Amino acid sequence: MSWQAYVDEHLMCDVGDGQGHHLTAAAIIGHDGSVWAQSANFPQFKPQEITDIMKDFDEPGHLAPTGMFLAGLKYMVIQGEPNAVIRGKKGAGGITIKKTGQSMVFGLYEEPVTPGQCNMVVERLGDYLIEQGNHLTAAAILGQDGSVWAQSAKFPQLKPQEIDGIKKDFEEPGFLAPTGLFLGGEKYMVIQGEQGAVIRGKKGPGGVTIKKTNQALVFGFYDEPMTGGQCNLVVERLGDYLIESEL
């Protein structure tokens, strides 16, 4: 399921009162303030507002003296759950924000939706995302000669010429751009990587990251709801560790 589907089907759904009521706006936003998905009328927030919200998760009570701001509107911070849930009130409406491992789930409401209904919708999805976690769809460490050092069960069977093409792109950055990156016969559009160090490819809602080390290639494949940035982080962190270990 895509991030947008989580917003449309799980946050902007009927709150369960049998009256067809739903949140006024909702979004899933990364800890860095990047928008993963949002409803059409989710307010345009300011980067500093997200920074302050994240600080309140890290230091509960940070927002209490000043209030919480979103798109310039001030919400009075009410009882939440330290490090996990922030709740705000503004007139007849309010906001609930649930923190997950890598994102924040936002829900805004107005009467006749109640704070409890908003909490239930937002926190239920947040808990689900925490339980699910995000992981790569397939991964492997291959020697630069194409030998398999280790791989996940779903890692595709690569052809020798595909490995040769990857190695050549590391040596001659841009080599794969005209034709695309092929892995297991599947074509990926080459997107911005790091010359001589990282190749990144995109295919539909998913993609691949390949990190070159001294002796190996670290591969990671992902699909929604995982993001390209999350895949990059996992693959490149391991690659950097192997480089430090002279592998």
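**Salt bridges and a domain contact**

Asp 127 has a relative accessibility of 34%, so this residue counts as partly exposed (buried is under 20% relative accessible area, exposed is over 50%, and partly exposed is in between, with a 1.4 Å probe and protein chains only). The model is a predicted one, in which local features need pLDDT of at least 70 and side-chain atom pairs count only at pLDDT 80 or more, while totals for chains, interfaces and linings use all residues. Residues are numbered from 1 along each chain as its sequence is written, and side-chain values rest on heavy atoms, with hydrogens and water left out.

Asp 127 has a partner: Lys 98 makes a salt bridge with Asp 127, with the closest N and O atoms 3.0 Å apart (a salt bridge is a side-chain nitrogen of Lys or Arg within 4 Å of a carboxyl oxygen of Asp or Glu). Because Lys 98 sits in strand E6 and Asp 127 in helix H3, the pair ties together parts that are 29 residues apart in sequence (helices, H or I, have at least four residues and strands, E, at least two; both are DSSP runs numbered from the N terminus). Lys 98 itself counts as buried, because its relative accessibility is 7%.

Searching the whole structure turns up eight salt bridges. Another one joins the side chains of Asp 58 and Lys 99, at 3.8 Å from N to O. Here too, distant parts of the chain are linked: Asp 58 belongs to helix H2 (residues 47–58) and Lys 99 to strand E6 (residues 93–99), 41 residues apart. With a relative accessibility of 19%, Lys 99 counts as buried. Further along, Arg 200 pairs with Glu 194 in a salt bridge whose closest N and O atoms are 3.3 Å apart. Arg 200 counts as buried at 13% relative accessibility, whereas Glu 194, at 36%, counts as partly exposed.

Arg 87 deserves a look of its own. This residue is part of strand E5 (residues 85–90) and counts as buried, because its relative accessibility is 13%. A polar atom of the Arg 87 side chain lies 3.0 Å from the backbone oxygen of Gln 79. With neighbours within four places in sequence left aside, the residues in contact with Arg 87 include Met 76, Ile 95, Asn 119 and Glu 123 (contact means heavy atoms within 4.5 Å).

Helix H1 (residues 3–11) also has buried residues, namely Trp 3, Ala 5, Tyr 6, Val 7 and Leu 11. Their cover includes strands E1 (25–30), E2 (35–38) and E7 (103–109), along with helix H3 (115–132).

Zooming out, the domain assignment, automatic or from a database, gives domain 1 (3–133) and domain 2 (138–245). Their centres, taken over C-alpha atoms, are 36 Å apart. Four residues from domain 1 and four from domain 2 make up the contact. Between them the domains bury about 370 Å², 53% of it on carbon and sulfur atoms (buried area is the accessible area, 1.4 Å probe, that two parts lose on being put together, summed over both). On the domain 1 side, Trp 3, Trp 36 and Gln 102 lose the most area to domain 2, together 87% of what that side buries. Across this interface, the rule finds zero salt bridges.

Definitions and conventions. A polar contact is a pair of N or O atoms within 3.5 Å; within protein, one must be able to donate a hydrogen and the other to accept it, and residues adjacent in sequence count only if both atoms are side-chain atoms.
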